[in-house]
Amino acid sequence: MSESSDLIKLYSNRILGLAAEIPHLGRLDDPQASVKKRSPLCGSTVTVDLDMTDGRVSRFAQEVKACALGQASAAVLGDAVMGRSAAELAATARDLEAMLKKDGPVPAAPFDGYEALIPAREFKNRHASILLSVQAAAEAAAEADRTTQA
């Protein structure tokens, strides 16, 4: 299969559909934590704002400037992030990285929507963009947890 047909397969209707419908787009006023991540390889950036209440995400917003794969990843995160703990988000970030880089399993529900990104395993230059949103959310949740427990 040629590289161009591989790319066509990669940008499936499902991925493009996810990228077009990213939940929680925007920024929060006065969040407990805000984390901006950038992929130096492709220039994609994601900023996550969130609040934690009783150890769970209670408010969430994300600003996403990324390729369709990064946007699709942010959509999966946005669908499942509310009510999650910092530990769940950190585990999801690790699981997604393992799925992409080590042919690991898809992250557990409610993050199993990342299954749509399995074809991206072959495109190592896209991995960083796919990981940005969940890594930023995990960092922001840990930061918010530290501030609320201080």
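This is a predicted model: local features need pLDDT of at least 70, side-chain atom pairs count only at pLDDT 80 or more; totals for chains, interfaces and linings use all residues.

Student: Where is histidine 24 placed?

Tutor: Helix H2 covers 13–20 and strand E1 covers 33–38. Histidine 24 falls between these two elements. Its place is the loop between H2 and E1.

Student: What is the phi of histidine 24?

Tutor: Most residues other than glycine have a negative phi. Histidine 24 is not glycine, yet its phi is positive. Its relative accessible area is 33%, so histidine 24 is partly exposed. The phi of histidine 24 is near 65°.

Student: Is aspartate 30 buried or exposed?

Tutor: Aspartate 30 is also in the loop between H2 and E1. Its phi is positive too, near 50°. The cut-off for exposed is over 50% relative accessible area. Aspartate 30 has 72%, so it counts as exposed.

Student: How many disulfides does the structure hold?

Tutor: A disulfide needs two cysteine sulfur atoms within 2.5 Å. For cysteine 42, the nearest cysteine sulfur belongs to cysteine 67, 5.7 Å away. The number of disulfides is zero.

Student: Are H4 and H5 roughly parallel or antiparallel?

Tutor: Their axes come within 8 Å and cross at roughly 160°. Angles over 145 degrees count as roughly antiparallel. H4 and H5 are therefore roughly antiparallel.

Student: Is the crossing of H4 and H5 left-handed or right-handed, and which residues make the contact?

Tutor: H4 passes H5 in a left-handed crossing. The contact has 13 nonpolar, three polar and three charged residues. From H4, the contact residues include Leu89, Ala93, Leu96 and Leu100. From H5, they include Ile130, Leu131, Val134 and Ala138.

Student: Is H3 roughly parallel or antiparallel to H5?

Tutor: Helix H3 spans residues 68–80. Its axis is 8 Å from that of H5, at an angle of about 30°. Angles under 35 degrees count as roughly parallel. That makes H3, relative to H5, roughly parallel.

Student: How many nonpolar residues are in the contact of H3 with H5?

Tutor: H3 passes H5 in a right-handed crossing. H3 contributes Leu69, Gly70, Ser73, Ala74 and Leu77, while H5 contributes Arg126, Ser129, Ile130, Ser133, Val134 and Ala137. Four of the contact residues are polar and one is charged. The nonpolar residues number six.

Student: What separates the C-alpha atoms of alanine 20 and aspartate 103?

Tutor: Alanine 20 is in helix H2, and at 58% relative accessibility it counts as exposed. Along the chain, alanine 20 and aspartate 103 are 83 residues apart. Their C-alpha atoms are separated by 27 Å.

How values were computed: Residues are numbered from 1 along each chain as its sequence is written. Side-chain values use heavy atoms; hydrogens and water are left out. Helices (H or I, at least four residues) and strands (E, at least two) are DSSP runs, numbered from the N terminus. Buried means under 20% relative accessible area, exposed over 50%, partly exposed in between (1.4 Å probe, protein chains only). Axes are lines fitted to C-alpha atoms, for helices over the stretch in contact, and angles run from 0 to 180 degrees between N-to-C directions. Angles under 35 degrees count as roughly parallel, over 145 as roughly antiparallel, 65 to 115 as roughly perpendicular and the rest as oblique. A crossing is left-handed if the near helix is turned anticlockwise from the far one by less than a right angle, and right-handed if clockwise. Contact means heavy atoms within 4.5 Å. Ala, Val, Leu, Ile, Met, Phe, Trp, Tyr, Cys and Pro count as nonpolar, Asp, Glu, Lys and Arg as charged, and the others, Gly among them, as polar.
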